[in-house]
Amino acid sequence: MTCFFNSIASSSALVSAKFFLLLVLVILFGFSSVTDGFGVHRNPTLVILKNELSPNTTLTYHCKSADDDLGERSLAFETNWAWMFYVNFWDTTLFWCNFWWIDDNGNHRQEGFQIYKAKRDMRRCGGVCRRSLRSDGIYGYTAGLEPYLLHKWP
């Protein structure tokens with residue numbers, strides 16, 4: 001009889017430990033303020049790139065994340081390109097872009113930048129991150145569509 005009661009007590013302790021672990025995981029990962037309360041991003045994020053370098057300047061770029069390679073592309077002056085994705089559970093989604101163009105002085109320019117970084121951009125952009133590439137750097141836009149210098153070219 002004693003063995004029977006000991007196994008019931010140890011089973012109860014195991015259930016309590018599992019419940020406690022589940023509770024800790026929900027608290028640590030689940031209640032991110034930018035998710036639906038359970039770490040799930042229900043709406044996709046849209047990133048829009050716009051070439052505003054100068055007339056007759058074509059921007060060549062290659063954007064990718066750890067999971068998605070968006071390929072090498074080109075944008076004519078005053079045109080846009082956009083892509084959508086879901087931010088991961090841990091809010092660590094990151095897209096990096098390399099950019100190439102010939103500036104107004106005929107110099108070949110090459111720059112790289114973290115065009116989307118979840119920890120930096122989720123609150124700042126909401127669901128739409130607008131990025132404008134200009135001669136002095138990359139501009140982001142507030143929710144009211146006011147531009148601000150996000151990254152100055154070196």
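**Exercise 1. Characterise the link of C125 and C129.**

Solution. The link of C125 and C129 is right-handed, with 110 degrees about the S-S bond. This value is computed from a predicted model. The sulfur atoms of C125 and C129 lie 2.0 Å apart, which is to be read against the cut-off of 2.5 Å for a disulfide. As to accessibility, both C125 and C129 are buried.

**Exercise 2. Determine how many disulfides the whole structure has, and describe the one that joins C63 to C97.**

Solution. Step one is the count: a search of the whole structure finds two disulfides. Step two is the bond between C63 and C97, whose S to S distance is 1.9 Å. Step four concerns geometry: the link of C63 and C97 is right-handed, with 110 degrees about the S-S bond. Step five is accessibility, and here C63 and C97 are both buried. Finally, with bonded cysteines counted along the chain, the disulfides follow the pattern 1-2, 3-4.

**Exercise 3. Identify the residues with the most contacts inside the largest nonpolar core, and the elements that contribute to this core.**

Solution. The largest nonpolar core comprises 27 residues, and L49, W83, F99, I115 and Y116 have the most contacts inside it. Elements that give two or more residues to this core are the strands β1 (45–52), β2 (59–64), β3 (69–75), β4 (80–85), β5 (94–102), β6 (108–117) and β7 (128–134), together with the helix α2 (118–125). Of these, β5 supplies the largest share, four residues.

The surroundings of W83 may then be examined. Leaving aside residues up to four places away in sequence, W83 touches T45, L46, V47, L49, C63, L70, F95, C97 and I115. This set includes C63 and C97, the two cysteines joined by a disulfide.

**Exercise 4. State how much space lies in the second largest pocket, and classify the residues of its lining.**

Solution. The space in the second largest pocket is about 160 Å³. Its lining consists of S65, A66, D67, D68, F85, Y86, N88, T92, T93, L94 and F95. By class, the lining has five nonpolar, four polar and two charged residues. One of the lining residues, F95, is also among the residues that W83 touches.

Technical notes:
Residues are numbered from 1 along each chain as its sequence is written. This is a predicted model: local features need pLDDT of at least 70, side-chain atom pairs count only at pLDDT 80 or more; totals for chains, interfaces and linings use all residues. Side-chain values use heavy atoms; hydrogens and water are left out. On a 1 Å grid over the protein atoms alone, a cavity is a set of points where a 1.4 Å probe fits but cannot get out, and a pocket is an open set with protein on both sides within 12 Å along at least five of seven lines; lining residues have an atom within 4 Å of a point. Grid points are joined across faces, edges and corners, and a volume is the space filled by probe spheres set on the points. Ala, Val, Leu, Ile, Met, Phe, Trp, Tyr, Cys and Pro count as nonpolar, Asp, Glu, Lys and Arg as charged, and the others, Gly among them, as polar. A nonpolar core is a set of buried Ala, Val, Leu, Ile, Met, Phe, Trp, Tyr and Cys residues joined through side-chain atoms within 4.5 Å. Buried means under 20% relative accessible area, exposed over 50%, partly exposed in between (1.4 Å probe, protein chains only). Contact means heavy atoms within 4.5 Å.
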